[in-house]
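Hello,

I am passing a structure on to you. Please open it first, then read my notes below.

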Amino acid sequence: MTQQGAALQTYNNELVKCIEELCFKRDELNKQIQQEESEKARLQHDIRVLTEKLSRVNESLAHRLTARAEFDRTIAETEAAYMKILESSQTLLSVLKKETGNLTKAFEPRKDH
């Protein structure tokens with residue numbers, strides 16, 4: 001019976017050792033789970049912050065694109081109007097030179113004598 005008692009004690013010691021190892025492994029796994037849950041929460045927070053920032057940037061960009069389009073339209077209209085002014089000025093200058101020439105001819109002394 002002593003032999004059986006000794007065998008039982010050995011089995012018991014090994015069983016306790018196995019249970020302790022399983023508990024240790026579970027505790028290590030639990031630490032890893034907690035670390036990953038913390039990392040997940042941090043990442044989710046970062047995603048929320050970045051999503052909000054992206055939304056603000058998109059909104060600002062949309063306003064700026066609209067403003068740029070308005071600048072482009074105003075510049076194009078102004079340039080077109082300026083070209084018309086230049087054309088009118090050129091026409092006016094040509095007419096003025098022609099009239100000045102005609103007036104000068106009209107008042108030049110005649111060389112008939």
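Which side chain meets Asp46 in a salt bridge? It is that of Arg42, at 2.8 Å from N to O. Keep in mind that this is a predicted model.

Asp46 and Arg42 both sit in helix 1. They are 4 residues apart, about one turn of the helix. Asp46 is partly exposed, with a relative accessible area of 29%. Arg42 is partly exposed too, at 41%.

Arg42 has another partner. Its side chain also meets that of Glu39 in a salt bridge, again with 2.8 Å from N to O. Glu39 lies in helix 1 as well, 3 residues from Arg42, about one turn of the helix. Its relative accessibility is 36%, so Glu39 counts as partly exposed.

Next, look at Lys31. Lys31 forms a salt bridge with Glu28. The closest N and O atoms are 3.5 Å apart. Both residues belong to helix 1, which covers residues 2-107. Their spacing is 3 residues, about one turn of the helix. Lys31 is partly exposed at 47%. Glu28 is partly exposed at 31%. In total, the model has 6 salt bridges.

Now the annotation. An unreviewed UniProt entry marks residues 19-60 as a "coiled-coil region". In the model that span is 100% helix and 0% strand. Its end C-alpha atoms lie 61 Å apart.

Best wishes

Notes: Residues are numbered from 1 along each chain as its sequence is written. This is a predicted model: local features need pLDDT of at least 70, side-chain atom pairs count only at pLDDT 80 or more; totals for chains, interfaces and linings use all residues. Side-chain values use heavy atoms; hydrogens and water are left out. UniProt positions are given in the numbering used here, feature names are shortened, and annotations may be inferred rather than shown by experiment. Helices (H or I, at least four residues) and strands (E, at least two) are DSSP runs, numbered from the N terminus. A salt bridge is a side-chain nitrogen of Lys or Arg within 4 Å of a carboxyl oxygen of Asp or Glu. Buried means under 20% relative accessible area, exposed over 50%, partly exposed in between (1.4 Å probe, protein chains only).
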